[in-house]
Amino acid sequence: MEEAWVRLVPPSAAVTAGFLRVRNAGDRPVEIVGASSDVAKTAELHVMSEENGMMTMRRAASVEVPARGSLELAPGGAHLMLIGLERPLSPDETVRLRLDLANGEHLEVEAAVRREPPGEAGR
């Protein structure tokens, strides 16, 4: 997992989103079936899609990382929703994100809290 970050939100916000890239070097797809974080009561996988000319967001039971490929969890696409923030987040702190795989394994990463995606500061 790389380029993990969580969007900084106002201190009164109860929800934010997490983003990262997940790479799969294996010969078989990997299915992500759940998530959690040390700063939220609940973490859910969400996907964006266009319906009748409107962008909509819905919870997804799972997302797949293709064999010998990657999955980008990014603004405007698949992402993590962190719901029920336990406390206000601070700029440049790190939070823990955990992805649960269908095979019972877990992937953990430290994610930086940021206002915008890495590489877009000052644009």
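Modeller: E44 and R59 form a salt bridge, with their closest N and O atoms 3.5 Å apart; the term means a side-chain nitrogen of Lys or Arg within 4 Å of a carboxyl oxygen of Asp or Glu. This pair ties together distant parts of the chain, 15 residues apart: E44 sits in strand β4 (residues 40-51) and R59 in strand β5 (residues 54-59). Strands here are DSSP runs of E, at least two residues, numbered from the N terminus. E44 is buried at 15% relative accessibility, while R59 is exposed at 56%; buried means under 20% relative accessible area, exposed over 50%, and partly exposed in between, with a 1.4 Å probe and protein chains only.

Keep in mind that this is a predicted model, so local features need pLDDT of at least 70 and side-chain atom pairs count only at pLDDT 80 or more, though totals for chains, interfaces and linings use all residues. Residues are numbered from 1 along each chain as its sequence is written, and side-chain values use heavy atoms, leaving out hydrogens and water.

Next up, R21 and E72 meet through their side chains in a salt bridge, 2.8 Å from N to O. They're 51 residues apart, R21 in strand β2 (residues 15-24) and E72 in strand β7 (residues 69-73). R21 is buried at 16%, and E72 is partly exposed at 38%.

R98 is partly exposed at 28%, whereas D100 is buried at 17%.

Technical notes:
Helices (H or I, at least four residues) and strands (E, at least two) are DSSP runs, numbered from the N terminus.
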